[in-house]
Amino acid sequence: SSWFVAAASAPLLNELIVEAADAATADAGIEQWHSLMGKIGLQNKADAASRSFEDKMLREWVREHVSKDPVLLQSEAVNALAKAAARRGRNTQGIAAGDVLRTTSSHPYILNKQFLHKALLLVIQDTEDMTIAVILNRPTQNQVNGVTRQAAVKGDETEDKRCIFFGGEYDSGSNRVMWLTASDTLRAQGIGSEVAGRDSEKEGVVISRCTGQEAVDSINNNLASPKDFLLIRGFCLWPKGAAAQIASDQLAWKAPGAAQGGLQAEIDLGYMEPVRGLPSALWARLLNLAQVPPSRSGHVALGLEEWEGTNQLTVDTMPVSQARDEGIQLDGEARAALGDQALTQFAKFFFTVAE
């Protein structure tokens, strides 16, 4: 049922060509498709697909790649560079390990990298060649079972199951899980290494990174419980310097700038914004996302409420006079909602586990 055969007579083809010539590019040819479906007796199927998620995604693709006027594209590029320079002027500290970032609602990730839509990120490492960060609010249905000695001995894994979070599209190759904790007890015992790169103290909880052995030993020694840890697999990577140039050359067909400037360019262009830190209450909510639901219903939490919890914690890097885009004003709420839908479909496909 993916394709339908239509009798393509000359009068019908001529009629469709005339309709297409008069149609708006932004409609993506969807109206012509509906017209043809009606002519071949499949109006019910066309009506069922009307205003579907797939239609919205097609229109977004056309808006992004087809319908933009070259003059408008140039204007948008110049405007983006001006705003990037303004943000860079306001944000002089740069990026360091331990920084918390969030993607902005004004630039939703719809057509690609949907896992970054309304994401909270923790910078793990920043060097001259790259910046590495992990996503903090993307739980999956993959689990770690029976991490304590007691569970292993009793054969009872129910109390110790924890969801593994999706940290990003890259993996070290060993499928290794990263254990993050904000336990003051473990930090006082010297267990784990603090994720920090600045001398000044940050607001909110202090996050440390433990090895799997350190985490399991601390649980078995009653210094911590499985609920104190966020388990993350995968990471996000933004090359810069010479490494970014190589990546930019390989992706030359895409818009330059962001790839060459690394994660800092994502901030400068308004795709991400710094957060002052994670309050203990918000960290507790992230830990609660790791609790295994009673049944696998195909639903997985998206972490959107946790992202919204940082709305009042962002660092202002944009002058008020530069806050509005020039040119065509898009429906920001509609695009943000479409980003939510795209993330939902991504999570349903990649984060759920088949029965």
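**A threonine and its surroundings**

Guide: Thr 103 has a relative accessible area of 0% and is therefore buried; that word denotes under 20% relative accessible area, exposed denotes over 50%, and partly exposed lies in between (1.4 Å probe, protein chains only). The model is a predicted one, in which local features need pLDDT of at least 70, side-chain atom pairs count only at pLDDT 80 or more, and totals for chains, interfaces and linings use all residues. Residues are numbered from 1 along each chain as its sequence is written, and side-chain values use heavy atoms, with hydrogens and water left out.

Thr 103 belongs to strand 1. Strands (E, at least two residues) and helices (H or I, at least four) are DSSP runs numbered from the N terminus. The side chain of Thr 103 has two polar contacts to describe here, a polar contact being a pair of N or O atoms within 3.5 Å; within protein, one must be able to donate a hydrogen and the other to accept it, and residues adjacent in sequence count only if both atoms are side-chain atoms. A polar atom of this side chain lies 2.8 Å from the backbone oxygen of Leu 116. The side chain of Thr 103 also reaches the backbone nitrogen of Lys 118, at 3.0 Å. Beyond its neighbours within four places in sequence, Thr 103 is in contact (heavy atoms within 4.5 Å) with several residues, among them Tyr 109, His 117, Leu 121, Tyr 271 and Trp 307.

Strand 1 comprises residues 100-103 and is covered on both faces. Val 100 and Arg 102 on one side, and Leu 101 and Thr 103 on the other, are all buried. Two strands pair if DSSP finds at least two bridges between them. Strand 1 pairs with strand 2 (residues 120-126) in the antiparallel sense, over three bridges, and Arg 102 stands opposite Leu 120 of strand 2. Strand 1 is also joined to strand 12 (residues 272-275) by four bridges, and these two strands run antiparallel. Val 275 in strand 12 is the bridge partner of Val 100.

Trp 307, a contact of Thr 103, also meets Arg 102: the charged end of Arg 102 sits over the ring of Trp 307, 4.1 Å from its centre. A charge is placed over a ring if NZ of Lys or CZ of Arg is within 6 Å of the ring centre and within 35 degrees of the ring normal.

Strand 5 (residues 162-166) pairs with strand 4 in the antiparallel sense over three bridges. Along this pairing, Val 144 stands opposite Arg 162, and Pro 139 has Phe 165 as its bridge partner. Strand 5 is joined by three bridges to strand 10 (residues 229-233), and the two run parallel; here Phe 165 stands opposite Ile 232. Five of the five residues of strand 5 are buried, so this strand is largely enclosed by the rest of the structure.

Aromatic residues provide a further topic. Rings of Phe, Tyr and Trp (its six-membered ring) pair if their centres lie within 6.5 Å; planes under 30 degrees apart count as stacked, over 60 as edge-to-face and the rest as tilted. The structure holds nine such pairs. Phe 346 and Phe 350 form a tilted pair, because their ring planes stand at 35°, with the centres 4.6 Å apart. These two residues lie four apart in helix 13 (residues 332-350), which means that about one helical turn separates them. The rings of Phe 349 and Phe 350 have their centres 4.8 Å apart and their planes at 75°, so this pair is edge-to-face. Phe 346 is buried, with a relative accessible area of 14%, whereas Phe 349 is exposed at 65%. Phe 115, Phe 166, Phe 346, Phe 349, Phe 350 and Phe 351 form one aromatic cluster.

Finally, helix 2 (residues 30-39) has Ile 30, Gln 32, His 34, Ser 35 and Met 37 as its buried residues. These buried residues pack against helix 1 (10-22), helix 3 (43-49) and helix 4 (53-65). Gly 41 follows helix 2 and has a positive phi, near 80°.
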